[in-house]
Amino acid sequence: MFLCGLGTVIVTAVLAVFPPTLLERIDNDAYDILVRSVATKPPTGNVVIIDVDERSLSTIGQWPWRRDRIGELITRLREMGAATIALDMVFAEPDRYGDPGGASQPAGESTRSASSDEALAANLREGGVVLGHAMRFDNAPFDASACQLHPVTPALVQAGDDTGDPSYFHASGVVCNLPLLARAAGASGFMNAAPDADGILRRVPLLIELEGRVYPSLALSAWMAARGTRDIVLRIATVNNASLIVDNRAVPVDGRVNALLRYRGKKQTFPYVSAADVMNGRVPAGMLQGKIVFVGTTALGTREVVATPLDTLFAGVEVQATVADNLIQQDFNSRSPLGTMLEALVVLVLGIAVTWLVASTSTMSGLIGSGVGIAALWYFAGSMLSSTGVFISPLMPTIGVFGALATMTIAKFTVERGRADTAGRERTNAQRLMIQTLLSLTETRDAETGRHSRRTQEYVRLLAAQLSTNPEYQAYLTPERIDLVSSLAPLHDIGKVGVPDHILNKPGALTPEELAEMRRHPEYGYDVILKAEGRVGVRDDAILAMAKDIVYTHHERWDGTGYPRKLRGKEIPIEGRVMAVVDVYDATTTRTLYRPSMSHEDAVKFIVDRNATHFDPAVVQAFVAVAPQFRIVSAEYRN
């Protein structure tokens, strides 16, 4: 048992170090459970979302708005003191309205000399704005000269020679802003945030590579603009563990520079301000002062939503706000720097402890110990995630412990089953030895009685097997029970050892007194087995109960005129009814000291004539069907 449990623990520890894809997905589920179970940390209040919502569309007009309207919104946000304005949108094509003074201008607008795009560009030149763009990974043709992006140049610091170069996501193209606008803004960032394979967004890339240059995310670019820095250091600890250092703040990232988000709660946890209120001057004074502002759309038909561990309809712009707030508070979640090795160590320590407990005590103690240990582990993992943001997965230790417990339980069951089978075989062998010993005893008293017992064993097997084809007897006469009753059949005359020799071996007819004594042999046989049971302390043994039925009832008759109890019909056990036919057939076809034997045909007729008086009709019917086989057995065991 201990070795089985230990083997399971070791295999689980190896899987913790080299997890297959399926376990990685389950591990994500374990992470989600912990995220939902611990208290969330509130946002700082330094990030605000300007929402182009349904009210904004009904007040200002359908989306997308004219570019000079966007410029007006940006101007008002500057006037309200926003430190940085990040636009979670892309201006990839010229304004559809064109020149506000041209033919495509909506009726009632004043004439302006500059186009809408030029007006927005002029606004962007005033600074403080970060544009969004979308990286592409579809390998479609891409003209780099058509885009004006703003890369960063991370300084690489490697902990060892085996860490290798950073494994950024490699984009094949980009949906970018008009060069006029991108040059005017002076800062931009990608908005990409792809969910995991199960559709849940847990981590976002902070840097992506495109054609050999590295670009920051929108939230990272906005935060850097607010801090007034462009210096980035990427410190690579291992191929799966690194830190992105910006303005002396370290952000834990994985090998692809993904940061594990620490969500502040469900949707709309951050302050939302309607763009309509900004345009109409209804925002409370000081609300945006010194804040990082993200402008995005949540109006129906324009919004982009993702699923997170805490919410299934989380706005894309709020993902950017979450990244920015994590940067401000420097509290991204992360996996332990020791990673899978620590989890493998926990698997070994906890798994071996539980394995030892089960092997040295009991399965129930192991189950209780496992429950306590796993509960403590999950509580510790939740506390670590809540207080430090470090995720130590309890999944593999849980699998290891319960896997070991299950393996040991199966091993114990297998061992106990083997012991039970061995004990059963030994018991069966002992019973057969007992039967053969008793049979030898009868042969010592009377050789013919011994041969009679051996023949009856074969007769009973044939007759019981045929009777089992009768629907009324099919459920009772199973193959196992047929084998058992045939093996016990030789005991039916064991009581004759109690009959005096002068009666048992008398050459002539018995007197009424001698006949009465002879008819007591069922009682003698029953008492022999009963006393043996008492001496060895056996109670309610099914095999011995069947032996007693055979010994005590094989001279009972269907019409109730038999002995010793004058049982009638189905009061007689099935074994006794079968034995009655077999006993009479063998007695009539065997020569005795005081009468000659019958032929096989006469014996069959003798039994059939006593159908429903001496014998059970169903047993007689079965006997007739196998009578030819009885003849063969009779000839084989005659001498």
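A: A salt bridge is a side-chain nitrogen of Lys or Arg within 4 Å of a carboxyl oxygen of Asp or Glu. Side chains of opposite charge can pair when their charged atoms come close. This is a predicted model: local features need pLDDT of at least 70, side-chain atom pairs count only at pLDDT 80 or more, and totals for chains, interfaces and linings use all residues. Residues are numbered from 1 along each chain as its sequence is written, and side-chain values use heavy atoms, with hydrogens and water left out.

Q: Which residues are linked in a network of salt bridges?
A: D32, D196, D198, R202 and R203 form such a network. The salt-bridge count comes to 27.

Q: What separates E72 and R76 in helix α4?
A: Helices here are DSSP runs (H or I, at least four residues), and strands are runs of E with at least two; both are numbered from the N terminus. E72 and R76 are about one helical turn apart, because they sit four residues from each other in α4. Their side chains meet in a salt bridge at 3.7 Å, N to O. For exposure, buried means under 20% relative accessible area, exposed over 50%, and partly exposed in between (1.4 Å probe, protein chains only). E72 is partly exposed at 29%, and R76 is partly exposed at 27%.

Q: Are R455 and D586 buried or exposed?
A: Both are buried. R455 pairs with D586, with the closest N and O atoms 2.5 Å apart.

Q: Which residue forms a salt bridge with K570?
A: E472 does, with a closest N to O distance of 2.4 Å. This pair also links distant parts of the chain: E472 is in helix α14 (471–474), K570 in the loop between α19 and α20, 98 residues away. E472 is partly exposed at 48%, while K570 is exposed at 57%.

Q: How do I read backbone geometry?
A: Most residues other than glycine have a negative phi, and most peptide bonds are trans. Look for departures. The W63 to P64 bond is cis, with omega near 0°. P64 lies in the loop between α3 (54–60) and α4 (67–79). Another cis bond joins Y563 and P564, with omega about 10°. P564 is in the loop between α19 (542–553) and α20 (574–588).

Q: Where does N139 lie?
A: N139 is in the loop between β3 (129–136) and β4 (155–158). Its phi is positive, near 60°. N139 is exposed, at 67%. N248 has a positive phi too, near 65°. N248 lies in the loop between β12 (241–246) and β13 (249–253), and is exposed at 75%.

Q: Which residues make the nonpolar surface patch?
A: Patch residues have over 30% relative accessible area and no salt bridge; like charges are joined within 9 Å, nonpolar side chains (Val, Leu, Ile, Met, Phe, Trp, Tyr) within 5 Å. Accessible areas come from the Shrake-Rupley method with a 1.4 Å probe, and for residues only the protein chains shown count as cover. Here M364, L367, I368, V372 and F402 make a patch of about 480 Å². Helix α11 gives the most, with four residues. M364 lies in α11 and is exposed at 52%.
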